[in-house]
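Subject: Model handover

Hello,

Here is the model you asked for. My notes follow below it.

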Amino acid sequence: MEIWFVILVSLCISSLLTSIFTHFRTSSNLPPGPPSIPIFTNFQWLRRSPLQIESLLRSFVTKYGPVVTLPIGNHPVVFIADRSIAHKALFKHGALFADRPPAPPLSKVISSNQYSISSASYGPLWRLLRRNLTSQILHSSRIVFYSQARRWVLDILLSRLQSHSQSKIPVLVVENFQYAMFCLLVLMCFGDKLEESQIREVEKVERELILSFQRFNIFNFWPKFTKILLRKRWEAFLQIRKNQENVLNRLIEERRKANKNRANKAQNEEKEEFVVSYVDTLLDLELPNEDNRKLSNEEIVTLCSEFLNAGTDTTSTALQWIMANIVKNSKIQNKLLAEIRGVMGNGSTEDEVKEEDLEKLPYLKAVVLEGLRRHPPGHFVLPHAVKEDTILENYVIPKNGTVNFMVAEMGLDPKVWEDPMVFKPERFLKGGEGEGAVFDITGSKEIKMMPFGAGRRMCPGFVLAILHLEYFIANLVWRFEWKEVKGDEVSLGEKIEFTVVMEKPLKADIIPR
Ligand code: HEM
């Protein structure tokens, strides 16, 4: 008998026994869920997209209650649909629920074995990496340093839209939004204004990686077996990661060299204006728990890639959803424009709504929050895990499983939100159920919606993301009139990519004001 066949059969049997053993060991006190056949059902669930899982989960929640277990892949996944149970898990038992599961094979490769903020286990490494990002880049005193970059990217976006509007062809906006967000985050990450071709190159390798996940998902199930069986596909995945490393490594090395040259400049030589970039902070970072070693290039690639992906697709998706609602509802657009005019002055010929003006625009903030409530870019958070079996609502949350939260459902809860499906920014104004003074997006007192997650693992980029959304929306409405295309109206259907995007990408007629 061929040796490879013997290996394959042994791997199958051992994986089969592990799955059956895991199934029976953990099934007794788990939160309820639909009946399952070990292995077969696990595999079936793995093949479903998050949107399919979400739609089935809604019916399970009605049938089994707000905490449901599904056997997805090798482990049980517990889903929490209820806002107050989510609050209990993420705040009252915050430290217990702040862990991440061990990385499955795909994530292991792209996270350099969990050396990224989003994948690191809840512990000293996570704390170090997260503190570095929040204090060096995302702190409000640092965010202001990048206002020039925002202005630069706004000009790029506006001039692209301007040329579309001149051609009188309806503009397909998402491409432009994605590119604008990419420029901005690449600049914050690598520091210098790069050529369009370089930015495109980074965008290409990053998008290739995140969009390929569904295709390679199979390797998260019985990896020892699937990696042998689908060897070519596994190699294709490794090649995609290699392409990403090649492109990002080049930029990292250029920045390292530029920093050295800058440091070597004579004291009396005039120094050019310098803004710290994310990669600078990573090049300086030392790991105290690993003999103060520096991060390897591969780990820096991972962290830069996390920064780019976390901040671009999420924000450009939210931007598209919000603009879609603005295009669809001319009343909302007019109200927003009137508010901006009130701040800029009637008849103002100013070409930019400045960042310092944003805080005088409560309706703009309400539009952004309503967009994040009604169309959160992620309908779930990243998988959480508990370090030990933990009791929640009399159920066991198993340490060998993962926990997730139904973000989109929470934002549509009719107990909090009146007419939850309707896009109504007024609900975030005085007297509304999400009124600014009492509404807290961090959910620390009460979770009403959680587009950025909540608790210790909450998105550290939420202040930056809201700033980007407010700044770009204010300027897009200030500079252009947005109109639905006759015969090609806005449709709010969803589909899954890296985030939940518009099934039919937004098209609009835009007219310079
Ligand atoms: C509209 C834009 C954004 C949305 C909707 C969003 C949403 C989220 C969500 C839902 C999580 C997972 C929370 C959890 O697992 O409990 C997350 C995590 C994260 N986000 Fe964001 N995000 C956005 C923008 C950004 C930006 C601009 C950055 C940084 C530049 C960023 C960096 C991160 C990081 C590093 C994590 C991992 C946090 C951890 O595990 O400790 N995000 N984000």
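**Confidence**

The average pLDDT of the protein is 89, and 91% of the residues reach at least 70. (pLDDT is the predictor's confidence in each residue, from 0 to 100.) Residues 4–14 fall below 50; beyond near neighbours in sequence, this stretch has six contacts in the model. Residues 16–26 also have pLDDT below 50, with 13 contacts beyond near neighbours in sequence. Two residues are in contact if their C-beta atoms, placed from the backbone, lie within 7 Å. The model scores are ipTM 0.99 and pTM 0.91.

This is a predicted model: local features need pLDDT of at least 70, side-chain atom pairs count only at pLDDT 80 or more, and totals for chains, interfaces and linings use all residues. Residues are numbered from 1 along each chain as its sequence is written.

**Ligand shell**

The ligand has 24 residues around it, and Ala310, Gly311, Gly453, Cys459 and Gly461 come nearest. Near a molecule means that the C-beta atom, placed from the backbone, lies within 6 Å of it. Helix 15 (297–328) and helix 19 each supply at least two shell residues. The largest share, seven residues, is from helix 15. Helices are DSSP runs (H or I, at least four residues), numbered from the N terminus.

By type, the shell has 14 nonpolar, seven polar and three charged residues. Ala, Val, Leu, Ile, Met, Phe, Trp, Tyr, Cys and Pro count as nonpolar, Asp, Glu, Lys and Arg as charged, and the others, Gly among them, as polar.

**Cys459**

Cys459 sits in the loop between helix 18 (407–410) and helix 19 (462–479). An unreviewed UniProt entry annotates Cys459 as "binding site". Such annotations may be inferred rather than shown by experiment; positions are in the numbering used here, and feature names are shortened.

Is Cys459 buried or exposed? Cys459 counts as buried because 23 C-beta neighbours lie inside 10 Å. The cut-offs for other C-beta atoms within 10 Å are 20 or more for buried, 12 or fewer for exposed, and in between for partly exposed, with C-beta atoms placed from the backbone. Leaving aside neighbours within four places in sequence, Cys459 contacts Phe452 and Gly453.

**Helices 16 and 17**

Ile332, Lys335, Leu336 and Glu339 of helix 16 meet Tyr363, Leu364 and Val367 of helix 17. The residues of this contact divide into five nonpolar, no polar and two charged.

Regards
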